[in-house]
Amino acid sequence: MAVKIRLKRLGKIRSPHYRIVVMDARAKRDGRAIEEIGLYHPKSEPSLIKVDSERAQYWLGVGAQPTEAVVALLKRTGDWQKFSGDTSPSGITPQPEPRDKVALFNAALAEADSEPATAAISKSKKKADQADAEADAPAEAEEA
């Protein structure tokens, strides 16, 4: 049985996520995999690549053939260099830490002296004009 290491596509239209999987060469692209050994999210900045190095080395060692795309990913993580003895450097960039939105909100709130700059809900222009007209009407009635 010919075994390949290839990408299995997941995600929505224009938002692909891939899993690096080991599967029979005759299986469909998104068919049943023998084993999932990694993740690839190309749309995140920088792209996320996670590979279980131990399992990738095992499958390469027993003769699984990676596709061109998977070879490129394995070169970025350094797993291909371990397997083939290549001396070229691996080129993966670390994923940045996600921003803490609560801390950003609290910092902005402290900067604004804990008071909102505007009302939470603004009145529509027509209602504001009617309220001003009603306020003026009792004042005119008192003068007369």
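**Close-up 1. Arg55 and its salt bridge with Glu35 in the predicted model.** Arg55 is partly exposed in this predicted model, with a relative accessible area of 26%. The side chain of Arg55 meets that of Glu35 in a salt bridge, with a distance of 2.8 Å from N to O. Because Glu35 lies in strand β3 whereas Arg55 belongs to helix α1 (residues 53-61), the pair ties together parts that are 20 residues apart in sequence. By the rule applied here, the structure has four salt bridges, including the one shown in this view.

**Close-up 2. The salt bridge between Glu36 and Arg19.** The closest N and O atoms of Glu36 and Arg19 are 3.2 Å apart, and the two residues form a salt bridge. Glu36 lies in strand β3 and Arg19 in strand β2, so that this pair ties together parts separated by 17 residues in sequence. Both partners are assigned to the intermediate class of accessibility: Glu36 is partly exposed, with a relative accessible area of 42%, and Arg19 also counts as partly exposed, at 29% relative accessibility.

**Close-up 3. Lys82 and Asp79 in helix α3.** The side chains of Lys82 and Asp79 meet in a salt bridge, with 4.0 Å from N to O. Because the two residues are three positions apart in helix α3 (residues 79-84), about one helical turn separates them. Lys82 is exposed, with a relative accessible area of 58%, whereas Asp79 counts as buried, at 3% relative accessibility.

**Close-up 4. The stacked rings of Tyr18 and Tyr40.** The structure holds three aromatic pairs, one of which is formed by Tyr18 and Tyr40, with 6.0 Å from centre to centre and 25° between the planes, an arrangement that counts as stacked. This pair links distant parts of the chain, since Tyr18 is found in strand β2 (residues 15-24) and Tyr40 in strand β3 (residues 35-41), 22 residues apart. Tyr40 has a relative accessibility of 18% and therefore counts as buried, the cut-off for that class being under 20%.

**Close-up 5. The edge-to-face rings of Tyr58 and Trp59.** The ring centres of Tyr58 and Trp59 lie 5.3 Å apart and their planes stand at 75°, so the pair is edge-to-face, a term that applies to planes over 60 degrees apart. The two partners fall into separate accessibility classes, in that Tyr58 is partly exposed, with a relative accessible area of 40%, whereas Trp59 is buried, with a relative accessible area of 13%.

Technical notes
Residues are numbered from 1 along each chain as its sequence is written. This is a predicted model: local features need pLDDT of at least 70, side-chain atom pairs count only at pLDDT 80 or more; totals for chains, interfaces and linings use all residues. Side-chain values use heavy atoms; hydrogens and water are left out. Rings of Phe, Tyr and Trp (its six-membered ring) pair if their centres lie within 6.5 Å; planes under 30 degrees apart count as stacked, over 60 as edge-to-face and the rest as tilted. Helices (H or I, at least four residues) and strands (E, at least two) are DSSP runs, numbered from the N terminus. Buried means under 20% relative accessible area, exposed over 50%, partly exposed in between (1.4 Å probe, protein chains only).
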